[in-house]
Amino acid sequence: MDEQASPAIQERIRSSFDRQGLMAHLDARLSHIGPGRVHITLPSRPEVTQQHGKP
């Protein structure tokens with residue numbers, strides 16, 4: 001899981017991610033970009049919970 005994608009791939013993914021307005025609105029962040037895997041972190045807050053208050 002610690003393996004990182006190449007710098008060129010990371011830049012391509014970050015550039016695409018940064019153009020997504022919804023991700024910025026949700027304050028989502030890329031926390032890992034690896035071969036075949038991207039982790040997106042999202043702060044826990046009431047606006048993004050399920051109908052029963054679960055994240």
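1. The model is a predicted one, in which local features need pLDDT of at least 70 and side-chain atom pairs count only at pLDDT 80 or more, while totals for chains, interfaces and linings use all residues. Residues are numbered from 1 along each chain as its sequence is written, and side-chain values use heavy atoms, with hydrogens and water left out.

2. Overall architecture. The chain has two helices and two strands, arranged α-α-β-β from the N terminus on. Helices (H or I, at least four residues) and strands (E, at least two) are DSSP runs, numbered from the N terminus. Helix 1 covers residues 7-18, helix 2 covers 21-25, strand 1 covers residues 29-34 and strand 2 covers residues 37-41.

3. Overall dimensions. The radius of gyration of the chain is 13 Å, whereas a compact globule of 55 residues would have one near 10 Å. This radius is taken over C-alpha atoms, and the globule rule is 2.2 Å times the number of residues to the power 0.38. Along the principal axes, the C-alpha atoms fill a box of roughly 40 × 25 × 15 Å.

4. Surface and burial. Of the 55 residues, 18% count as buried. The chain exposes about 4,500 Å², and carbon and sulfur atoms supply 52% of that area. Accessible areas come from the Shrake-Rupley method with a 1.4 Å probe; for residues, only the protein chains shown count as cover.

5. Nonpolar core. The largest nonpolar core consists of six residues: Ala5, Phe17, Met23, Ala28, Leu30 and Ile33. Such a core is a set of buried Ala, Val, Leu, Ile, Met, Phe, Trp, Tyr and Cys residues joined through side-chain atoms within 4.5 Å.

6. Contacts of alanine 5 and glutamine 10. A contact means heavy atoms within 4.5 Å. With residues up to four places away in sequence not counted, alanine 5 touches Gln10, Ile33, Gly34 and Pro35. Across the chain, among contacts between residues at least 6 apart in sequence, 31% join residues at least 24 apart.

7. The strand pair. Strand 1 and strand 2 run antiparallel and are joined by five bridges; two strands pair if DSSP finds at least two bridges between them. Histidine 32 stands opposite histidine 39 in strand 2, and the bridge partner of isoleucine 33 is valine 38. The hairpin has two residues between the strands, and glycine 36 takes a positive phi near 75 degrees there.

8. Histidine 32. This residue of strand 1 has 8% relative accessibility and therefore counts as buried. The side chain of histidine 32 reaches the backbone oxygen of glutamate 3 at 3.4 Å. A polar contact is a pair of N or O atoms within 3.5 Å; within protein, one must be able to donate a hydrogen and the other to accept it, and residues adjacent in sequence count only if both atoms are side-chain atoms.

9. Aspartate 27. Aspartate 27 lies in the loop between helix 2 and strand 1. Although it is not a glycine, aspartate 27 has a positive phi of about 65 degrees. Most residues other than glycine have a negative phi. At 32% relative accessibility, aspartate 27 counts as partly exposed.

10. Leucine 42 lies in the segment after strand 2 and is partly exposed, with a relative accessible area of 41%. Leucine 42 touches Leu26, Ala28 and Val48, not counting residues up to four places away in sequence. Serine 15, in helix 1, is also partly exposed, at 27%.

11. Glutamate 11. Glutamate 11 lies in helix 1 and counts as exposed, at 52% relative accessibility. Glutamate 11 and valine 38 are 27 residues apart in sequence and 13 Å apart in space, C-alpha to C-alpha.

Methods:
Buried < 20%, exposed > 50% of the residue type's maximum accessible area, 1.4 Å probe, protein only.
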